[in-house]
Amino acid sequence: MTPLDKAHAEMEASEAARLRFYERLADAELFLLLDAPAEGKQISPSLFPVEDTNLVLAFDREERLAEFAGSAPYAALSGRALAQMLAEQSLGLGLNLEVAPSSIVLPPAAIAWLHDTLGTVPKDVEATPEELLPPAGLQEALVTGLDTKLAMSTGLARHAYLCAVRYKGGGQSHMLAFLDPVPGAEPALVHAVNEALVFSGIEAGSLDVAFFSARDPLAAELAKVGLRFDLPEMAAPEAPVAPGMNPDKPPRL
């Protein structure tokens, strides 16, 4: 069972589960069936006419594509990149057809909705926190969604804290504060949090995102009251080993 299989199995349970399926689809690496091998960045997806539209076929495992089509050319790309490509051409998607529990046909309207949802742009605001408080009243779907998204944000920051916040001049909200983000990673982290919020199914929900240095005086207060999320660290590259020096990998003769 892949993450898409599990999300598909839960999709009929509730609106939130349906949104999680589309979120997993956007996050997944997909293998797109092609008519011919790719030439540079140019690809020619195989098109299948179904009723009044055309579908492309994609699979979330290479083995599944091979089970369906045998030895065939394909391109690997993210679900969000595929959604953009299909939305621009008004194409539908056949996902894991005939080879997995998550076999489903998504019409062009569903793909267009996913593309539009992924394109939601957060707003930039300026505000100064006056008081930080423990988070309260947040729906479990949002906390779970944040945990999943941040677990995929390897190496972009050390960790993050979720807390309630009151601002100088009035106003209060919940804030997810990242400590020591990698320079340039801020937009990716903002979009990850925004997607977690959008796909949580919370109507008219909002969540502020902020970035701090671990040396900032507010960092200690965040650690006291906030719910902590640890982001995975980037694995250190393995040191090169001379051929024949690794006993687990003897040289080929």
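**Close-up views of cavity, pocket, helix pair and salt bridge**

**View 1. Lining of the largest cavity.** H4 and H5 each supply at least two residues of the lining of the largest cavity. The model is predicted: local features need pLDDT of at least 70 and side-chain atom pairs 80 or more, while totals for chains, interfaces and linings use all residues. Residues are numbered from 1 along each chain as its sequence is written, and side-chain values use heavy atoms, without hydrogens and water. H4 gives the most to this lining, with four residues. Leu25, Leu30, Gly79, Leu82, Ala83, Leu86, Leu93, Ile111 and Leu114 line the cavity. By class, eight are nonpolar, one is polar and none is charged (nonpolar: Ala, Val, Leu, Ile, Met, Phe, Trp, Tyr, Cys, Pro; charged: Asp, Glu, Lys, Arg; polar: the others, Gly among them). Helices are DSSP runs of H or I, at least four residues, numbered from the N terminus.

View 2. The structure holds one cavity of 30 Å³ or more. On a 1 Å grid over the protein atoms alone, a 1.4 Å probe fits in a cavity but cannot get out; a pocket is open, with protein on both sides within 12 Å along at least five of seven lines, and lining residues have an atom within 4 Å of a point.

**View 3. The second largest pocket.** Its space is about 330 Å³. Of the 14 lining residues, Asp27, Arg80, Lys149, Ala192 and Glu195 are the closest to the centre. Helix H4 (79-89), helix H5 (108-118) and helix H7 (186-198) each give two or more residues. H7 has the largest share of the lining, four residues. Five lining residues are nonpolar, five polar and four charged.

**View 4. Packing of H6 on H7.** Helix H6 (residues 140-151) meets H7 at an angle of about 145 degrees, with the axes 8 Å apart (lines fitted to C-alpha atoms over the stretch in contact; angles from 0 to 180 degrees between N-to-C directions). On the H6 side, the contact (heavy atoms within 4.5 Å) uses Leu142, Gly145, Leu146 and Lys149. H7 brings Ala192, Val193, Glu195, Ala196 and Leu197. Six of these contact residues are nonpolar, one is polar and two are charged.

View 5. Arg64 pairs with Asp5, the closest N and O atoms being 2.6 Å apart. Arg64 lies in helix H3 (residues 62-69) and Asp5 in helix H1 (residues 3-10), so the pair ties together parts 59 residues apart in sequence. The count comes to 12 salt bridges (a side-chain nitrogen of Lys or Arg within 4 Å of a carboxyl oxygen of Asp or Glu).

Definitions and conventions. Points joined across faces, edges and corners; volume = space filled by probe spheres on them.
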